[in-house]
Amino acid sequence: MANYLFIESRDPFESRDANFISKTATALRQNGSEVTVFLVQNGVLGARKNARGSHLQGLSDSGVTLLADDFALKERGIRGDELLPAVKPASIDALVDILAEQSTKAIWH
Amino acid sequence: MAQQSLTLALMDPPYESANTTTALRIIDSALKKGIRVNVFAYEGAVCLPLKDQAPHANPVKGTTVEEEDHPTTKKFISELLKIGGDDPLLNWVNCGLCVDERGAINVVEGVKRGSPKEFLEMAQASTNTLVIPTK
């Protein structure tokens with residue numbers, strides 16, 4: 001079974017189509033696939049625990065792994081203690097490790 | 001086991017989108033891990049390795065060209081193309097039709113010209129493929 005990697009670059013408060021990630025990632029997880037959502041660029045803006053209406057907690061509750069680019073977090077002044085507990089900071093190297101797995105299907109959004 | 005390889009399709013022109021920065025970081029990380037990387041630059045992305053790019057001063061800050069040390073995408077790509085020495089780990093292919101449309105012919109050493117056919121072949125031969133579209 002494939003593992004899915006969604007690379008989310010869009011600000012969820014700017015782009016309503018961030019819901020695409022929620023729905024698709026959750027559905028794939030419910031079908032038994034391993035699913036990782038890796039937040040990059042403005043995609044990390046929904047990762048603050050005080051963010052209202054963030055879709056990320058729901059994704060975590062459904063079993064999706066949530067990682068956030070540490071470079072993007074630093075650029076936007078988001079500290080580790082501000083993050084939703086479900087979101088783990090990760091390096092771009094970690095993204096490449098997932099991407100380089102034969103079983104991974106990667107989708108940029 | 002065959003050597004790992006990634007193929008990326010890029011479409012954003014230089015200095016337009018954070019997508020380019022993230023893509024170059026992914027490429028850099030993969031190359032440093034010894035993973036071969038193919039890039040198919042499509043549409044405006046064919047201008048990323050343009051040799052004619054020039055760094056500029058910053059009149060707002062009052063800095064000179066040297067002080068500003070403005071990063072250009074051609075410089076990043078040139079450095080990435082050096083990884084691996086005589087056997088570069090990065091294979092950068094610019095879409096020929098996109099190049100002709102834009103007159104983007106004068107590119108840094110090592111950049112090749114190709115077509116979507118090459119993209120398909122690179123993707124088929126790669127461990128994985130990532131398409132980074134414009135927004």
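# Notebook: two chains, one predicted model

**Entry 1. A helix in chain B.** I started with the length of helix 1 of chain B. It has 15 residues, and at 1.5 Å a residue they should span 21 Å. I note here that the model is predicted.

Next I looked up which residues of this helix are buried. In helix 1 of chain B, the buried ones are B:Asn19, B:Thr20, B:Thr22, B:Ala23, B:Leu24, B:Ile26, B:Ile27, B:Ser29, B:Ala30 and B:Leu31. What covers them? The cover includes strand 1 (5-10), strand 2 (36-41), helix 3 (73-82), strand 3 (90-95) and strand 5 of chain B. Helix 4 of chain A is also part of that cover. I kept a general point in mind: an α-helix has 3.6 residues a turn, so residues three or four places apart point the same way.

I then checked what follows the helix. Just after helix 1 of chain B comes B:Gly34, with a positive phi of about 85 degrees.

**Entry 2. Where the chains meet.** I looked up the contacts between the two chains. On the chain B side 17 residues take part, and on the chain A side 13 residues. Which elements of chain B give two or more residues to its side? They are helix 1 (18-32) and strand 5 (128-132) of chain B. Helix 1 of chain B provides the largest share, seven residues. Sorted by class, the chain B side has nine nonpolar, six polar and two charged residues.

**Entry 3. Chain B as a whole.** I counted five helices and five strands in chain B. Along the sequence they follow the pattern β-α-β-α-α-β-α-β-α-β. The C-alpha atoms fill a box of roughly 55 × 35 × 30 Å along the principal axes. I compared the radius of gyration with the globule rule. For 135 residues, a compact globule would come near 14 Å; chain B has 15 Å, which agrees. Of the 135 residues, 40% count as buried. I also looked at contacts with a separation of 6 or more in chain B. Residues 24 or more positions apart account for 70% of them.

**Entry 4. Strand 2 of chain B.** How many of its six residues are buried? Six of the six are, and the strand is mostly covered. In a regular strand the side chains alternate between the two faces of the sheet. I listed both faces. B:Arg36, B:Asn38 and B:Phe40 lie on one side, and B:Val37, B:Val39 and B:Ala41 lie on the other; all are buried. Strand 2 of chain B pairs with strand 1 of chain B in the parallel sense, over six bridges. In this pairing I found B:Thr7 opposite B:Asn38.

**Entry 5. Chain A as a whole.** Chain A has four helices and five strands. From the N terminus on, they run β-α-β-α-β-α-β-α-β. The C-alpha trace spans about 35 × 25 × 20 Å along its principal axes. For 109 residues, a compact globule would have a radius of gyration near 13 Å; chain A has 13 Å, which agrees. Buried residues make up 39% of the 109. Among contacts in chain A with a separation of 6 or more, 72% join residues 24 or more positions apart.

**Entry 6. The sheet of chain A.** In what order do the five strands lie? They form an open sheet in the order 4-3-2-1-5, with parallel pairing. The edge strands are strand 4 (87-90) and strand 5 (104-108), each pairing on one side only. Neighbouring strands are turned by 25 degrees against each other on average, direction ignored.

I looked at one pairing here. Strand 3 (residues 65-69) and strand 4 of chain A run parallel and are joined by four bridges. The bridge partner of A:Ala68 in strand 4 is A:Pro89.

Helix 4 (residues 92-99) of chain A came back at this point. It lies across strand 1 (3-8), strand 2 (34-39), strand 3, strand 4 and strand 5 of chain A. It runs at about 125 degrees to strand 5 of chain A.

**Entry 7. One residue, A:Phe6.** I found A:Phe6 in strand 1 of chain A. Is A:Phe6 buried or exposed? It counts as buried because it has 23 C-beta neighbours inside 10 Å, and the cut-off is 20 or more. Leaving out residues up to four places away in sequence, A:Phe6 touches A:Ile21, A:Ala25, A:Val37, A:Ile107 and A:His109. I also took a distance to A:Leu39. A:Phe6 and A:Leu39 are 33 residues apart in sequence and 8.3 Å apart in space, C-alpha to C-alpha.

Definitions and conventions: Residues numbered from 1 in each chain as written. Chains lettered and ligands numbered in written order. Predicted model: local features only at pLDDT ≥ 70, side-chain atom pairs only at ≥ 80, totals over all residues. Pairing = 2+ DSSP bridges. Axes fitted to C-alpha atoms, helices over the stretch in contact; angles between N-to-C directions. Contact = placed C-beta atoms within 7 Å. Nonpolar A, V, L, I, M, F, W, Y, C, P; charged D, E, K, R; others polar. Expected span 1.5 Å × (residues − 1). Buried ≥ 20, exposed ≤ 12 C-beta atoms within 10 Å, placed from the backbone. Rg over C-alpha atoms; globule rule 2.2 N^0.38 Å.
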